[in-house]
Structures are given as C-alpha cells and as structure tokens.
Amino acid sequence: MGAVDCHCHLAAPEFEGDIECVLEEARKSKLLALVAVAEHSGDFEKIIHLSERYSGFVFGCLGIHPIQSSPTGQERSVTLQDLDEALPLIELYKDHLLAIGEVGLDFTPRIASTEEQKEGQRQVLIKQIQLAKQLDLPLNVHSRSAGRPTINLLKEQGAEKVLLHAFDGKPSVAIAGVQAGYFFSIPPSIIRSEQKQKLVKQLPLESICLETDSPALGPEKQVRNEPKNIFIAAEYIAKIKGISVEDVLHKTTQNALKVFPKLKSILQK
C-alpha cells in the first residue's frame with residue numbers, strides 16, 4: 001500500500017545534484033504522489049519542470065512563503081512586493097497547479113518581531129487565500145509560531161480546502177482547524193518530537209495526512225530528509241493510535257484526495 005507526500009521541497013538546493021535518484025527511490029518505496037511546494041518565485045520553474053517531467057507522480061504548488069531571503073542571504077519577513085513579483089508566474093502556470101503553497105504566517109521572533117512585519121505577512125496570506133479561491137485550488141499552509149492566528153485568518157477569509165503542514169501549536173488550537181474541516185500533515189520528525197506526538201494523539205485520523213517536508217524534518221536532526229521516509233511517519237502514527245500501518249496509509253491517502261481533489265483522477269484510475 002502506498003502513500004502521498006503532501007508537502008515536500010523538491011526544488012531545494014539540497015536535491016540539486018541527485019533529484020532523479022531521490023524520485024526513483026520514492027517510486028520504489030511505493031509512494032503514489034509527491035506534492036512539491038514552492039517558497040519563492042525562484043522555485044517556480046523548477047517545480048513546474050519536475051511536475052511535467054514526472055507527470056502523474058510529482059504535483060506542483062506555487063506560492064510565496066512568509067519567510068524570504070534578502071540579497072545578503074539573510075532571512076526576512078515577506079512583503080507584498082515579493083508576492084506582486086510572483087503573481088504573473090502563478091497566473092502563467094495556474095492550469096498546472098495542484099494547490100497554492102507554501103503560504104502562511106511565521107511569527108518566529110527573529111523573523112517577525114514587529115506588528116508591521118506580522119501585518120505584512122497577513123496581507124500576503126490574505127491575497128493568496130483569495131487567489132486560491134479564485135482559481136478553486138486548495139492551500140498548503142505554514143504556521144510556525146502562529147498556529148492560532150493562521151487558523152483564525154483562514155477561517156475569516158473563508159478558506160475551505162486547507163492542509164496545515166508540520167503544525168507546531170497546541171492540540172487544543174489544532175482542534176479549531178479540525179472543526180473548520182482542515183487537514184494536518186505529519187512529518188517523519190514525529191519520532192523525535194514530543195509536540196507532534198501529542199498532536200497526533202489528539203487529532204482524529206480523519207484529519208491527518210502524511211508529509212516529509214524534505215529536505216527538512218527527517219527522522220534524524222541535521223540529516224537530509226527524503227520522500228521515501230514518509231513511511232516512518234505512518235509507522236509512528238500507527239503506534240500512537242494503536243492501529244495497523246495499512247489503516248494509516250489507507251486513511252491518510254483518502255484524506256490527501258479530499259484536500260487535493262486533482263489527485264483523484266491520477267490515483268483512482
């Protein structure tokens with residue numbers, strides 16, 4: 001039985017030298033589909049190229065992440081200008097997209113310490129929620145140190161098909177997302193994250209998807225993560241829930257089809 005990796009960064013520099021091998025390993029391990037997200041407009045063409053080259057296996061999402069890089073390489077909070085520069089490309093590739101992502105809020109103090117920075121992120125997210133609604137696409141969402149504000153904003157803006165990836169908030173905050181019909185994807189780092197373990201304990205299986213966030217959030221810290229590690233997350237979820245790995249794989253795949261309807265035509269042939 002296979003799995004869907006609902007959130008991975010195949011355009012990351014860490015994969016530049018051997019992306020073909022990484023994808024071949026993913027296929028061999030019985031992955032059904034990989035949902036590749038962008039962080040900035042520099043990722044867009046790589047992701048579209050991969051989704052065309054590996055059609056029916058790699059599915060692209062384009063969006064602007066709340067953290068961007070300055071010309072010196074330092075991380076900074078996103079601005080509307082970043083989004084404005086990216087919108088023409090999203091428009092160009094809109095028919096190729098599975099979802100808009102990776103979008104969201106990141107209120108980590110070193111990124112967003114002022115109300116102005118946080119408001120800038122909110123405005124960028126609102127515009128991307130509106131874009132997703134306009135294109136009838138789901139949202140692939142980041143919410144580090146901003147779980148409650150992200151869920152509240154998504155609800156306020158009427159977002160319906162939402163995947164919250166690697167959610168780092170309290171289970172009680174996540175439940176508000178569950179009540180809104182949102183899904184939560186769990187990475188292999190669950191094996192070393194007490195917070196993720198508590199989250200999975202509280203979340204209903206009906207709201208859980210699998211992800212790797214490759215090359216980050218792997219089973220080992222500081223070691224490059226790959227999509228084939230998705231099954232580590234599935235095994236740990238099964239252990240916490242006291243059910244079989246097959247049940248986890250079946251249900252999380254069904255959930256992935258609910259949040260990303262365009263996968264249905266491919267996976268249910």
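The model is predicted, so local features need pLDDT of at least 70 and side-chain atom pairs count only at pLDDT 80 or more, while totals for chains, interfaces and linings use all residues. Residues are numbered from 1 along each chain as its sequence is written, and side-chain values use heavy atoms, with hydrogens and water left out.

**Two rings.** Rings of Phe, Tyr and Trp (its six-membered ring) pair if their centres lie within 6.5 Å, and planes under 30 degrees apart count as stacked, over 60 as edge-to-face and the rest as tilted; by this rule there is 1 aromatic pair. Select phenylalanine 167 and phenylalanine 184, whose ring centres are 5.2 Å apart and whose planes stand at 90 degrees, so the pair is edge-to-face. Phenylalanine 167 is buried (under 20% relative accessible area, with exposed over 50% and partly exposed in between, using a 1.4 Å probe and protein chains only), at 1% relative accessibility, and phenylalanine 184 is also buried, at 0%.

**Charges over rings.** A charge sits over a ring if NZ of Lys or CZ of Arg is within 6 Å of the ring centre and within 35 degrees of the ring normal. Select arginine 27, whose charged end sits over the ring of phenylalanine 57, 4.4 Å from its centre, and then lysine 118, whose charged end sits over the ring of phenylalanine 107, 5.2 Å from its centre.

**A glycine.** Finally, select glycine 63, which is buried with a relative accessible area of 0%, and display valine 141 as well, since the C-alpha atoms of glycine 63 and valine 141, 78 residues apart along the chain, are separated by 9.7 Å.
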